[in-house]
Amino acid sequence: MASDETGSGTSANRKVGRRVVTLGAMLAGAASVGRRMEVFAEEGAPHWTYEGEEGPEFWGDLAPDFATCTVGKEQSPIDLIDAVKGDEPDMTIAQQITAGGTLVNNGHTLQVNLPEGNTLAIGDAVYELVQFHFHTPSEHEVDGVRYPIELHLVHKTEDGKLAVLGVLMKEGEENAALAEVFTDIPEAGAERLLANPIDIPALVPSDQTAYRYPGSLTTPPCAEGVTWTVFEMPMTLSPAQLQAFRAIYPLNARPVQPLNEREVEEA
Ligand SMILES: [Zn+2]
């Protein structure tokens with residue numbers, strides 16, 4: 001995956017090549033078009049992966065709705081460097097131990113869907129925590145370095161605006177709040193109700209100094225307008241917890257994207 005990030009020029013050239021091939025295939029015969037429609041019909045959305053011909057470099061070509069993955073200028077993740085002091089609005093995290101979570105293995109990650117009860121306020125915007133999930137290795141880099149895993153806590157306002165809290169995680173002590181999540185993992189496409197409440201406050205670090213920047217979803221359709229807050233302080237997972245996740249998803253991280261005109265601010 002490292003070669004993906006050698007430069008936007010290389011990446012753009014490859015995309016152009018791919019687009020020509022795709023057009024050629026569509027003009028040449030119905031076979032590939034038929035296959036694509038089958039995939040749509042089966043899953044309701046185009047298939048995408050983290051490697052190979054449906055991997056991150058090609059997401060933007062897989063469906064019209066995915067074009068932002070290629071043409072977007074405010075994409076995530078990024079390398080978090082040169083954070084500047086801005087006047088970021090205050091952030092207030094209000095979380096509680098939450099029962100009724102559902103563990104979903106959605107084919108791209110392990111995700112816990114949550115009932116209401118945990119909010120994130122950034123300035124005047126109030127977001128509700130709707131789900132959290134994992135990527136390995138971490139999607140965000142800190143000065144070029146990736147962590148073993150990254151937790152994303154996805155929040156949404158009533159009118160659909162997104163804010164994600166990113167927590168970088170390294171190997172160390174077990175994270176007790178995640179004990180049930182990494183045991184008895186459902187098959188891909190399946191889900192199960194968690195037996196125990198989850199200690200949501202234990203999922204974010206005690207020191208909430210963070211990087212803040214405007215970005216996107218890190219999976220197709222790569223929609224922009226997402227407020228990212230990635231904590232500087234990493235947390236830990238036990239080697240067994242990390243192993244349990246990697247046994248299912250050895251690689252599910254999008255490479256870092258160009259910063260373009262954005263600034264990373266200290267929040
Ligand atoms: Zn994510």
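These are legends for a set of close-up views of one predicted model.

Before you zoom in, a word on conventions. Residue numbers start at 1 along each chain as its sequence is written. This being a predicted model, local features need pLDDT of at least 70 and side-chain atom pairs count only at pLDDT 80 or more, while totals for chains, interfaces and linings use all residues.

**View 1. The whole chain, with its confidence.**
The protein chain has five helices and 18 strands; helices (H or I, at least four residues) and strands (E, at least two) are DSSP runs, numbered from the N terminus. Average pLDDT, the predictor's confidence in each residue from 0 to 100, comes to 87 for the protein chain, and 84% of the residues score at least 70. Residues 1-42 are another story: pLDDT stays under 50 there, and the model has 24 contacts beyond four places in sequence for them. A contact here means two C-beta atoms, placed from the backbone, within 7 Å. Where pLDDT is low, the predicted coordinates should not be read in detail. Of the chain's contacts with a separation of 6 or more, 66% are between residues 24 or more positions apart. Buried residues make up 34% of the 267 residues; buried means 20 or more other C-beta atoms within 10 Å of a residue's own, exposed means 12 or fewer, and partly exposed is in between, with C-beta atoms placed from the backbone.

**View 2. The largest nonpolar core.**
A nonpolar core is a set of buried Ala, Val, Leu, Ile, Met, Phe, Trp, Tyr and Cys residues joined through C-beta atoms within 7 Å. The largest one has 52 residues, and Leu153, Val167 and Met169 have the most contacts inside it. Strand E12 gives the most to this core, with six residues. Both domain 1 (2-71) and domain 2 (79-266) supply at least three residues each, with the bounds coming from an automatic or database domain assignment. Zoom in on Val167 and you'll find it touching Glu150, Leu151, Leu203, Val204, Pro205, Phe231 and Met235, leaving aside residues up to four places away in sequence.

Within H5 (residues 239-248), the buried residues are Gln241, Leu242 and Phe245. They cover an arc of only 100° around the axis, so they sit on the same side of H5; the arc is that of the directions from the helix axis to the C-beta atoms. The buried residues pack against strands E6 (110-113), E8 (125-135), E11 (149-156), E12 (162-171) and E17 (235-237). On the face turned away from that buried side are the exposed residues Pro239, Ala240, Gln243 and Ala247.

**View 3. Strand E16 and its two partners.**
E16 (residues 224-231) is mostly covered, with six of its eight residues buried. Strands count as paired if DSSP finds at least two bridges between them.

**View 4. A three-stranded open sheet.**
The strand order is E1-E9-E10, with mixed pairing. E1 (79-80) and E10 (145-146) are the edge strands, each pairing on one side only. E1 and E9 (residues 141-142) run in the parallel sense over two bridges, and Asp79 has Glu141 in E9 as its bridge partner.

**View 5. Gly60 in helix H3.**
Look for Gly60 in H3 (residues 59-62). Gly60 counts as buried because 22 other C-beta atoms lie within 10 Å. Its C-alpha atom is separated by 8.8 Å from that of Cys222, 162 residues apart along the chain.

Most residues other than glycine have a negative phi, and most peptide bonds are trans. The bond from Thr136 to Pro137 is cis, with omega near -10°, and Pro137 is in the loop between E8 and E9. Another cis peptide bond joins Pro220 and Pro221, with omega about 10°; Pro221 is in the loop between E15 and E16. Asp82, not a glycine, has a positive phi of about 55° and is found in the loop between E1 and E2 (84-85). Asp82 is exposed, with 9 other C-beta atoms within 10 Å. Asn260 likewise has a positive phi, near 55°, in the loop between H5 and E18 (265-266). Asn260 counts as exposed, with 11 C-beta neighbours inside 10 Å.
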